[in-house]
Structures are given as C-alpha cells and as structure tokens.
Amino acid sequence: MKAPVVISACLAGLKTRYDGTARTHPLLKQIMEQAIPVPVCPEILGGLGIPRSPSRFIGGDGAAVLQTKATIVDETGADRTSFFVRGAEQTLQLVKLISPVLIIFKEGSPSCGLRRVDIEGSWRDGCGVATAMLRSLGFPILSEEDSLSDFLTRLSGKMVHKADQPGEF
Ligand code: SF4
C-alpha cells in the first residue's frame, strides 16, 4: 500500500507561488508511482492570496520568527509575519493528521525553505517558518534539491519513520 508524502503544492504542479506559477518537481511522476502525494501550501493555508507580494525575512530565518526574534515583510514593507506563522500552524495540523513518511518542500521559500532563505535581500543559511515548526517536532523533510536516491530510498521498502530516527533529515 502506498504511503502518504506531503509535498509543497507548487512542486506538485499547483500554481500557488507568489507570482501564480508552479515549480513542478521533475520527479513528480516517479513520486506518484511510489507514494500518495498530498499537496500543501503553507502560505495559502495562512491566508495569503495568489498572486501576492514576495516576502523576505528581517532579523533571522523561520526558526527565529518562531522565537519572535525575526519578522517577515513583503515588497511593500508590510509585516506579514502572522500569515506565515498561521500557515505553519495549519500545515502542522494537516501533517499530524496525514502522518506522512516524508515531506518534500520547496527550497528557498520563506515557508518551505530548508537550507536557504531570503534574509534582508540576500540568500542566507536558514529555513522557512513551516519547515522550522515541523523540524522542531522531528518530521522528516527533504527539498526538491535532494538527490533521487534520497527520495526513492525513503519511498521504497527502506522508508524511515520519524519515530524511529527523529531529525535524521
Ligand atoms: Fe510552494 Fe511552499 Fe511557497 Fe506554497 S509556500 S508556493 S507550497 S514554496
């Protein structure tokens, strides 16, 4: 029986990005053959629309936002932090219900990024708000930039469960 995999909605082909486009994952077909993909967009869940002004961090990344040490503003300078936190919380509720074997998130996003995000106009090491929240609870997360073998290993008989090896990803 196929296991559920939560995937950033834009990677699943849905036009949920700030500019109304998708970034369909080149391996989506293979992922669908081995798992049940469940598209999730934290920013839509948080109440932001399509299209929307692109946002960046001020003072730190998603983890810092959750510690109230950083904020998120859009291109107009409007504070959007609450939308991103709400989106992360809603995503967490969904992930708890779905209990996926893997989460595949879009790199670079202020919600879904894993290793780099836009902080004050520059790409810096850090993660998005939803990623920070899910990571803190040990959910297994990869980005679309991780290798095919990583994906397929985890989607095949060697799937790693978060309860067995928290934080491995
Ligand atoms: Fe894609 Fe995540 Fe941005 Fe939604 S919040 S558009 S799922 S990267």
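1. Helices (H or I, at least four residues) and strands (E, at least two) are DSSP runs, numbered from the N terminus. On that basis the protein chain has six helices and eight strands. Along the sequence they read β-α-β-α-β-α-β-α-β-β-β-α-β-α.

2. The model is predicted: local features need pLDDT of at least 70, side-chain atom pairs count only at pLDDT 80 or more, and totals for chains, interfaces and linings use all residues. Residues are numbered from 1 along each chain as its sequence is written.

3. Of the 169 residues in the protein chain, 41% are buried (20 or more other C-beta atoms within 10 Å of a residue's own, C-beta atoms being placed from the backbone).

4. The largest nonpolar core holds 37 residues. Such a core is a set of buried Ala, Val, Leu, Ile, Met, Phe, Trp, Tyr and Cys residues joined through C-beta atoms within 7 Å. Val 5, Phe 84, Ile 103, Ile 104, Val 129 and Leu 134 have the most contacts inside it. At least two core residues come from each of β1 (3-8), β2 (35-40), α4 (81-98), β5 (102-105) and α5 (129-136).

5. Check the length of α4. Its 18 residues should span 26 Å at 1.5 Å a residue, and the end C-alpha atoms are 26 Å apart, so the two agree. The expected span is 1.5 Å times one less than the number of residues.

6. Buried residues in α4 are Phe 83, Phe 84, Val 85, Gly 87, Ala 88, Thr 91 and Val 95. Just after α4, Ser 99 has a positive phi of about 50 degrees.

Note on methods: Buried ≥ 20, exposed ≤ 12 C-beta atoms within 10 Å, placed from the backbone.
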